[in-house]
Amino acid sequence: MRLSQYFIPTLKETPKDAVLKSHQLLVRAGYIHQVGSGIYHFLPLGKLVLDKICAIIKNEMQKAGAIELSLGFVTPASLWQQTGRFEKYGKELLSFKDRKENDFVLSPTCEESITDLVKQFIKSYKNLPKNFYHINLKFRDEVRPRFGLMRGREFVMKDAYSFHDSDEDLQREFLNMQQVYCNILSHLGLDFRVVEADSGAIGGSGSKEFMVLADSGEDTIAICNSCSYAANLEAARRKKREGKINPPKAKLAKFPTPNVKKTEEVAEFFKVDSFYILKAVVKKVVFATQMHREPELAYFFIRGDDELEDTKALNALNAQKLGAIELIDASVEEIRSVGLYEGFIGPYALKNITGSDLIYFDLDLEEESNLICGGNEPDSHFVGVDLSEFEGLTYVDLACVREGDLCPECAGVISHKKGIEVGHIFKLGTRYSEALDAHFLDHNGKSKPFIMGCYGIGVSRLMPAILEQKADELGCVWGEAIAPFDVILLPSNLKDERQRNFSDHLYDELSAKGFNVLYDDRSERFGFKMKDFELVGVSYGVVIGNALEDGEVEIIRRNGMKKITTKSETKAIIEAIEFLGGDQ
Ligand code: ATP
Ligand code: MG
């Protein structure tokens with residue numbers, strides 16, 4: 001490709017709203033252009049990289065036996081109503097009516113569509129298993145679209161859906177896909193972790209996320225320093241915490257604690273470690289509309305030095321099929337309106353006072369004693385609290401795993417790392433097939449719902465994820481598998497006939513050898529061309545300058561900007577590129 005005839009609209013200025021380097025670079029280097037909030041055009045370079053990522057994904061999916069198709073982007077809302085997700089998915093689901101007043105959604109994911117399709121064509125266990133995938137647009141009306149392609153509203157996803165006649169076969173395919181995802185991310189040259197994850201709005205029994213490690217990542221993952229345990233903080237587990245020395249042993253008694261409200265103040269007042277304080281976190285729960293339930297307060301008890309993990313809290317409610325969709329911090333007025341006093345909330349008579357069943361205790365508190373809690377009246381706390389004396393408490397995992405907590409698998413030490421979620425695989429079970437009445441006949445002739453798995457990769461998110469990990473201060477670094485071009489020819493002075501003829505010739509020869517060559521044939525200064533090479537991140541540059549008179553050119557590898565001089569013969573240039581390529 002001759003650059004003078006191509007389209008790479010690079011910018012000198014960094015866009016104002018772009019905080020992440022990947023967002024800045026993709027815009028400045030002419031890969032993407034924003035059309036609206038969270039909506040981007042892929043410019044020619046962006047399309048090249050996207051296609052290369054897609055090709056790697058397709059190749060691995062195909063090898064693993066998955067079948068490519070392409071489901072419609074616009075989906076009748078009736079399918080989403082049948083699974084209950086039309087309500088449950090919330091505002092991220094963009095829906096609209098056509099001219100005949102029929103409701104539609106723009107697919108944020110396609111479980112409903114594929115299940116409905118399979119239901120119509122697959123009737124027997126003999127035609128199972130099947131794994132269908134497609135790579136196409138998704139739309140999610142994100143509350144805060146940001147970071148460019150990282151969190152768009154319209155984005156490209158590879159999503160696959162598998163159908164099985166047994167849990168064992170689903171497990172086999174889940175592991176198969178886990179391996180495929182690892183292969184894809186390795187091909188892309190990424191440093192990543194496979195982590196235990198929460199299943200979110202998609203639901204199901206088990207799920208794993210694929211996290212590209214990067215300080216700018218929005219997710220926090222808990223990683224064990226001595227075994228392979230890794231989990232998204234939303235789903236991370238830990239070994240039950242050991243008691244501290246000098247527990248505040250006392251008989252149950254109520255103490256006046258005037259104006260002592262915050263955990264630290266209570267710990268200071270009683271001179272105890274906040275580990276022994278029973279902290280109450282009160283949230284207002286918003287329910288899905290089809291639950292026909294007004295928002296109401298829920299009470300979560302954790303240790304004073306722990307924090308509530310909101311996703312776990314929401315899961316605790318939904319384990320009881322309550323259809324909770326959001327948790328909001330309760331205000332002082334809301335707390336007072338149920339007869340409680342902020343800073344003085346405890347489990348004693350809580351159910352009687354509030355009339356609420358939504359009371360949960362963190363697993364770490366199970367049967368624990370020597371605790372201090374609020375007295376459920378102003379300015380008072382109980383000491384000597386023993387939870388084993390209560391009946392019927394609901395213990396669930398609620399606390400956020402902290403750095404220094406112990407691994408649930410091996411008791412090694414947990415630390416936190418930041419990651420970008422680029423993939424997520426789920427065991428769905430029969431969640432969708434039952435709702436959509438999608439059955440097959442098993443080998444005994446009995447009708448059963450399909451057992452399903454689903455597997456997503458954020459294809460467009462991979463572009464910024466790669467840059468967050470690999471780009472340097474000069475610009476984009478992609479890795480050879482996906483850089484938009486393999487080689488860029490950088491003649492320093494095209495008015496020099498020798499340089500021009502040589503460049504024309506080399507362009508033809510390298511292209512004929514199968515290299516994707518970009519030829520910077522613009523009459524710009526050499527320094528300007530170099531800057532564009534660095535910014536765009538073509539894998540190798542060939543500098544054609546004055547040394548050509550001595551029969552030499554310079555080869556630069558973009559990754560690390562390593563340079564070598566070589567003879568100006570095509571064969572020597574290719575060898576130099578291969579040498580630099582093998583030396584990374
Ligand atoms: P997140 O937690 O980042 O919002 P998610 O868990 O909602 O993502 P999934 O439903 O698991 O996303 O979708 C599969 C993959 O699609 C994700 O792993 C991610 O790589 C990608 N993805 C999801 N939302 C977006 C988005 N708004 N923009 C770009 N990619 C996205
Ligand atoms: Mg996810």
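Is Met561 buried or exposed, and what is its relative accessible area? Met561 is buried, with a relative accessible area of 16%, where buried means under 20% relative accessible area, exposed means over 50%, and partly exposed covers what lies in between, computed with a 1.4 Å probe on protein chains only.

The model is predicted, and local features therefore need pLDDT of at least 70, side-chain atom pairs count only at pLDDT 80 or more, and totals for chains, interfaces and linings use all residues. Residues are numbered from 1 along each chain as its sequence is written, chains are lettered from A and ligands numbered from 1 in the order in which they are written, and side-chain values use heavy atoms, with hydrogens and water left out.

Met561 sits in the loop between strand E28 (552-557) and strand E29 (562-567); here and below, helices (H or I, at least four residues) and strands (E, at least two) are DSSP runs, numbered from the N terminus. Although Met561 is not a glycine, its phi is positive, at about 50 degrees. Asn376, likewise not a glycine, has a positive phi of about 55 degrees, and its place is in the loop between strand E18 (371-374) and E19. With 9% relative accessibility, Asn376 counts as buried. A further backbone feature is the cis peptide bond from Leu128 to Pro129, with omega near -5 degrees, and Pro129 belongs to the loop between helix H5 (111-121) and strand E7 (130-139). Most residues other than glycine have a negative phi, and most peptide bonds are trans.

Strand E19 (residues 380-385) holds His381, which counts as buried at 3% relative accessibility. A polar atom of the His381 side chain lies 3.5 Å from the backbone oxygen of Gly343, a polar contact being a pair of N or O atoms within 3.5 Å; within protein, one must be able to donate a hydrogen and the other to accept it, and residues adjacent in sequence count only if both atoms are side-chain atoms.

The ligands come next. The magnesium ion (ligand 2) is coordinated by Glu421 (OE) and His424 (ND1), at 2.2 to 2.3 Å, with donors defined as N, O and S atoms within 2.8 Å of the metal (3.2 Å for Na, K and Ca); water is not among the atoms, so sites may look incomplete. Glu421 counts as partly exposed at 21% relative accessibility, whereas His424 is buried, with a relative accessible area of 10%.

Glu421 and His424 also face ligand 1: an oxygen atom of ligand 1 is 2.6 Å from an N or O atom in the side chain of Glu421, and an oxygen atom of ligand 1 is 3.1 Å from an N or O atom in the side chain of His424. Of the surface that ligand 1 exposes when taken alone, 580 Å², the protein buries 86%, the areas coming from the Shrake-Rupley method with a 1.4 Å probe; for residues, only the protein chains shown count as cover. Strand E8 (154-164) and strand E21 (414-429) are the elements that give two or more residues to the shell around ligand 1, and E21 gives the most, with 4 residues.

Helix H12 (residues 459-470) has 12 residues and should span 16 Å at 1.5 Å a residue, which agrees with the 17 Å between its end C-alpha atoms; the expected span is 1.5 Å times one less than the number of residues. Because 10 of its 12 residues are buried, H12 is largely enclosed by the rest of the structure, and the buried residues include Arg461 and Glu468.
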